[in-house]
Every structure is written in C-alpha cells, then in structure tokens.
Amino acid sequence: MNLYFELLKQPVFTIENVNRYYEKIESARSAVKRLMAKGLAVKIRNNLYTCISGETDSPLANRYQIASAITPTSYVSHHSAMEYYGISDQIFYEVYVSSEEKFRDFEFDGYTYHCIVSKCDKGVQSVEYSGGVRVTDKERTVVDSIKDMDKIAGLEEVIVNIQNISRLDEKRLLVYLECYDNQFLYQKTGFLLKPYRQQLSLSDQFFEICKEKIGLSKRYLTKDCHEGKYDGAWRLIIPLGINTLKNGV
C-alpha cells in the first residue's frame, strides 16, 4: 500500500483517517510525520492535514474543503459562501466558517479561518463531487450576511451581493428568519430585499410577514449610521448616503 496515493483520495484527513491503514494510532502518527518530512503532506491545524499535490507543489485541499472539515459540524458561510457561489465580486483572504463547536481562528496557506458559532442548523447542504464541501444555501447565506453585516461584510457589500442574485426562495428565507427569531433581522431583511423584490421573485406576502414580526422598536440599520433618515415602513434609521453605494439602492 502507498499511503500517499490513498490519502490523495480525500482532500483533508486526520490521524484517525490514517489509522484505518494501521493497527496502532502511534503507527499512523509516525506515518504522517514521514509524509510531512518528505514534503508530501502538510499540517493545517491540530489533527488536520492535507497532501501536497505532485502537479502544483501546493496543498491539495482548497479553502472550502478545509472549512468544511475543521469540526464535525463546520460549514462555509457568510461572505465565503457568497464567494463559493460566485455572487461576490471581491476576493478575500478570510474564510468564514460556521460551526456548532467553537474553534480558535487560525491561518493556513495565506487564508485566515474565522469561527462563527452557529445558532441555526438549517439550510446547510453537502455539495456533490466537491471533495466534502458543506455550505449554506443562497437563502441562508443572504439571511446570515444581513444578520451579521456589522461584524463581517458591511452594508455596501451586502447590498452589492443582493444585486448579484437573480432569485431567492421566499419559503426558505422565512424558515431561516424563523430559526433566528429576531425582530431586528426581520426589519433589516425586509428593508434590504424590497427594492429587488421583482429581481428576487419575492411576493408582497413575504414583506407583509416581515413587517408583522418587527414589533414597535426603532433601530439604526447599521452601527455606522451617525446621520440618517427615518424609514417609517420598517422603523429603521438608514444612512443618508445609502443611495450612493455601488449601483444605488
């Protein structure tokens, strides 16, 4: 058996994966160390490895495969999911990973992997023939991006990404909104998606449901809004310069 060629079949592997070929875990650890010493494998983080491609002399696993293997429940989300779908027109060297188990942020091969503790287990799909990629579907990605836009993407990027989407399934959107059960999220989602309702194929009923959930509180759309105007329909104070963002609103 040639261990290197066996491990090439899986982009990311652990010591436990290697131990399938040995009787003792110590033998598996020694085998991985030998591969690393020969430049045939590299350590991503604790107990997570990938082979080095003989064709490119680079790590075999891509950032999406790595993100999906960090913990048993990890998956690509937020801006990184937008990148995966080709929605985002920007390239970032930060990978956002949702997981039920928290892990420490780390760097590997030029990318920084950020942990976001998941509070919703819906809308995650395993992509066929992708080498193990798990990623939020487009609707969950939109909801997550809006929910965490002050922490991750920012208002402008969220708007641009929405503009680059051709259609959304409103039933799925409502499932994920209900999963988070957050009044502010209903407010932001309704406000940000309504200008694109025809493009996204969203019904008036969808926005009525969002309005029913927003309560009586008035809130700033974004924490960076120092000067704004009030939108009475959504009870939001929105930045004065929102119409000057890329492509307008």
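1. Leaving out residues up to four places away in sequence, Gly-215 touches Gln-183 and Arg-235, where contact stands for heavy atoms within 4.5 Å. Gly-215 sits in the loop between α11 and β9 (219-220), the helices (H or I, at least four residues) and strands (E, at least two) being DSSP runs numbered from the N terminus. Its relative accessibility is 30%, so Gly-215 counts as partly exposed, a class that lies between buried (under 20% relative accessible area) and exposed (over 50%), with a 1.4 Å probe and protein chains only. Gly-215 and Arg-20 are 195 residues apart in sequence, and their C-alpha atoms are 55 Å apart in space.

2. This is a predicted model, in which local features need pLDDT of at least 70 and side-chain atom pairs count only at pLDDT 80 or more, while totals for chains, interfaces and linings use all residues. Residues are numbered from 1 along each chain as its sequence is written, and side-chain values use heavy atoms, with hydrogens and water left out.

3. Helix α11 (residues 204-212) has Phe-206, Phe-207 and Cys-210 as its buried residues. Viewed down the axis of α11, these buried residues fall within an arc of 90°, so they line one face of the helix; the arc is that of the directions from the helix axis to the C-beta atoms. The cover over the buried residues of α11 includes α8 (170-180), α9 (183-193) and α10 (197-200), whereas Asp-204, Gln-205 and Glu-212 are exposed on the other side of α11.

4. Ser-98 belongs to strand β4 (residues 94-99), and because its relative accessibility is 2%, Ser-98 counts as buried. Its side chain makes a polar contact with the side chain of Ser-77 at 2.8 Å, that is, a pair of N or O atoms within 3.5 Å, of which, within protein, one must be able to donate a hydrogen and the other to accept it, and residues adjacent in sequence count only if both atoms are side-chain atoms. Apart from neighbours within four places in sequence, Ser-98 is in contact with residues including Thr-73, Tyr-75, His-78, Ile-116 and Ser-118.

5. For the chain as a whole, the secondary structure comes to 11 helices and 11 strands, and the C-alpha atoms fill a box of roughly 70 × 30 × 30 Å along the principal axes. Of the 249 residues in the chain, 48% are buried. Among contacts with a separation of 6 or more, 55% are between residues 24 or more positions apart.
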